[in-house]
Structure formats: structure tokens, C-alpha cells
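Good morning, and thank you for coming. I shall present one protein chain today, and I ask you to look at its overall layout before we turn to single residues.

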Amino acid sequence: MKYVVLLLVLAVVYGVWRSQNRPSAPPRRPSPPRPPLPPPQDMVACQHCGLHLPRSEALTHGEHCYCCTEHQRRDAA
Ligand SMILES: [Zn+2]
């Protein structure tokens with residue numbers, strides 16, 4: 001009978017321990033917020049080869065845009 005009581009106490013203690021531990025378990029966190037995307041860049045096509053590139057990286061010659069100085073020079077010639 002002594003062991004039955006001991007077992008019962010252990011079972012209760014184990015149950016209490018589990019119920020206390022469960023909430024402290026890390027809940028499934030929502031994925032961290034993504035950093036905001038950079039604003040979409042204006043894309044332009046090279047007047048010579050048609051390569052698309054951001055306007056900020058394009059070389060402009062008047063209204064025309066070029067991907068490199070070589071194409072800018074060839075088209076200007
Ligand atoms: Zn080009």
C-alpha cells in the first residue's frame with residue numbers, strides 16, 4: 001500500500017510538472033517580419049544590345065540608355 005501511495009504522489013507530481021512545463025515551451029513563433037523590399041527600380045534596355053538594367057546603373061546618352069561605355073560609344077559613332 002505504501003508503494004501505491006508513493007506511485008500516486010509521483011504521478012501527481014509528474015502531472016503537475018508537465019502541466020507547468022508545457023506553457024513555458026517556446027510557442028511556435030510567427031516568422032520574423034521580413035525587411036521591407038527596396039522600392040522597385042525603373043528598368044531600361046540598352047539601346048545597342050537590349051540588355052535590361054536598372055536606370056541607376058545605365059549609362060545615358062540623351063534619351064538612350066546603354067549597359068556599358070562600349071555600347072554607348074558604338075551607338076554614338
Ligand atoms: Zn548593351
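Helices and strands are here DSSP runs, a helix having at least four residues and a strand at least two, and they are numbered from the N terminus. With that in mind, the elements of the protein chain follow the order α-β-β-β-β-α, read from the N terminus. That comes to two helices and four strands. Please keep in mind that this is a predicted model.

How spread out is the chain, judged against a compact globule? Its radius of gyration is 34 Å, whereas the globule rule gives 11 Å for 77 residues; the value is well over the rule, so the chain is more spread out than a compact globule. The box filled by the C-alpha atoms, taken along the principal axes, is roughly 105 × 20 × 15 Å. Of the 77 residues, 9% are buried. As for contacts with a separation of 6 or more, 9% of them are between residues 24 or more positions apart.

Helix H1 covers residues 2–24, and Tyr 3 lies in it. Is Tyr 3 buried or exposed? Tyr 3 counts as exposed because it has 7 C-beta neighbours inside 10 Å, and the limit for an exposed residue is 12 or fewer. Between the C-alpha atoms of Tyr 3 and Asp 42 there are 79 Å, with 39 residues of separation along the chain.

We move to the other end of the chain. Cys 68 sits in the loop between strand E4, residues 64–66, and helix H2. Cys 68 has 15 other C-beta atoms within 10 Å and is therefore partly exposed. Which distance separates Cys 68 from Ala 58 in space? Their C-alpha atoms are 7.4 Å apart, and the two residues are ten apart in sequence.

Helix H2 itself spans residues 69–76 and holds Arg 73. Glu 70 also has its place in helix H2. Glu 70 has 12 other C-beta atoms within 10 Å, so it is exposed. Arg 73, by contrast, has 13 such neighbours inside 10 Å and therefore counts as partly exposed.

Distances from these two residues complete the picture. From Glu 70 to Leu 37, the C-alpha separation is 32 Å, over 33 residues of sequence.

Thank you for your attention.

Definitions and conventions:
Residues are numbered from 1 along each chain as its sequence is written. This is a predicted model: local features need pLDDT of at least 70, side-chain atom pairs count only at pLDDT 80 or more; totals for chains, interfaces and linings use all residues. A residue is buried if 20 or more other C-beta atoms lie within 10 Å of its own, exposed if 12 or fewer, and partly exposed in between; C-beta atoms are placed from the backbone. The radius of gyration is taken over C-alpha atoms; the globule rule is 2.2 Å times the number of residues to the power 0.38. Two residues are in contact if their C-beta atoms, placed from the backbone, lie within 7 Å.
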